[in-house]
Amino acid sequence: MFLKALKYILYSMIGVLLAVCCLYGIRVASAEDEGILCRRMELHMGNSSSCRFVTSEDVEQAIRKECGEILGKRLGDLDLRAVENAVLSLGAVGSAEVYVTRDSVLNVDLKQKEPFLRFQSQVGGFYCDSGGNIFPLQERAAARVPLVEGNIPVNVGKSYCGPASSDWERQWMDGILALEKYIQSSRIWKSRIAQIHIDKNGDIVLIPVEGEERFIFGGTGEMEEKFERMECYYRAVRPAADSSYRTVNLKFKDQIICRK
């Protein structure tokens with residue numbers, strides 16, 4: 001019994017000693033880190049092959065503007081949260097992680113926002129991703145994504161980032177996204193539809209890749225039925241027409257109204 005108690009005491013003392021050594025090592029390492037100077041910054045872009053909105057110069061300028069000169073500062077003096085916020089202030093940056101390593105490097109891992117649609121009206125334009133989050137058009141590059149143009153009922157500032165402001169605008173954006181995703185999911189419609197136009201009455205108008213027709217889609221309700229009527233037009237109405245139609249109205253149930 002005495003030997004078991006002695007063994008337990010010895011194990012406890014060894015555990016305490018190890019904990020003290022680890023704590024001491026952490027403190028020493030922390031003290032050393034505080035004395036290490038930042039020698040360079042390394043930028044890692046996770047999706048640079050698909051998005052080319054942001055350059056290393058953009059990131060460096062944003063950090064320098066918000067945090068001053070980074071190179072030459074002690075690692076322990078760097079405000080990593082402030083650096084991260086500076087990187088996120090670039091409208092095309094979706095996420096960022098900033099950390100330092102003991103080889104004197106400030107590491108910036110970022111991922112650019114990936115546009116799904118471009119919206120364009122007479123007063124300006126913006127991108128949105130597949131989740132409906134808006135971000136500004138970029139001066140450096142333009143993304144080759146489907147276009148929604150015309151009377152866009154979503155009002156945002158030139159540098160705005162985030163979801164649309166009102167519930168109605170968010171619902172409208174959700175409808176347009178659902179429509180474009182439906183088009184993109186179909187091999188037929190993806191090859192036939194060139195862009196989406198919003199007319200002065202708020203109706204969605206689909207503009208085909210070929211032909212003079214303008215397909216008046218109306219709203220995004222009963223989407224599948226409207227595309228079925230559109231397919232019926234291509235299959236039965238168009239081949240029998242002696243000349244092309246100017247508009248094809250798909251808004252009304254079980255009807256296709258064509259006008260020359």
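## A negative patch

Glu-222, Glu-224, Glu-225 and Glu-228 cluster into a patch of negative charge on the surface. A patch here takes residues with over 30% relative accessible area and no salt bridge, and joins like charges within 9 Å. Glu-224 sits in helix H6 (residues 223–240), helices being DSSP runs (H or I) of at least four residues and strands (E) runs of at least two. At 48% relative accessibility, Glu-224 is partly exposed; buried means under 20% relative accessible area, exposed means over 50%, and partly exposed is in between (1.4 Å probe, protein chains only).

Keep in mind that this is a predicted model, where local features need pLDDT of at least 70, side-chain atom pairs count only at pLDDT 80 or more, and totals for chains, interfaces and linings use all residues. Residues are numbered from 1 along each chain as its sequence is written, and side-chain values use heavy atoms, leaving out hydrogens and water.

## Salt bridges

The count comes to 7 salt bridges, each being a side-chain nitrogen of Lys or Arg within 4 Å of a carboxyl oxygen of Asp or Glu. One of them joins Arg-170 to Asp-167 at 2.2 Å, N to O. These two are 3 residues apart in helix H4 (residues 167–185), so about one helical turn separates them. Arg-170 is partly exposed at 30%, while Asp-167 is exposed at 51%.

Asp-203 and Lys-251 also meet in a salt bridge (3.2 Å, N to O). Asp-203 is in the loop between strands E8 and E9 and Lys-251 in the loop between E11 and E12, so the pair ties together parts 48 residues apart in sequence. Asp-203 is buried, with a relative accessible area of 15%.

Conventions:
Patch = residues over 30% accessible without salt bridge, like charges linked within 9 Å, V, L, I, M, F, W, Y side chains within 5 Å. Areas by Shrake-Rupley, 256 points an atom, 1.4 Å probe, with all protein chains shown as cover. Lys, Arg positive; Asp, Glu negative; His and termini not counted. Charge placed at Lys NZ, Arg CZ, Asp CG, Glu CD.
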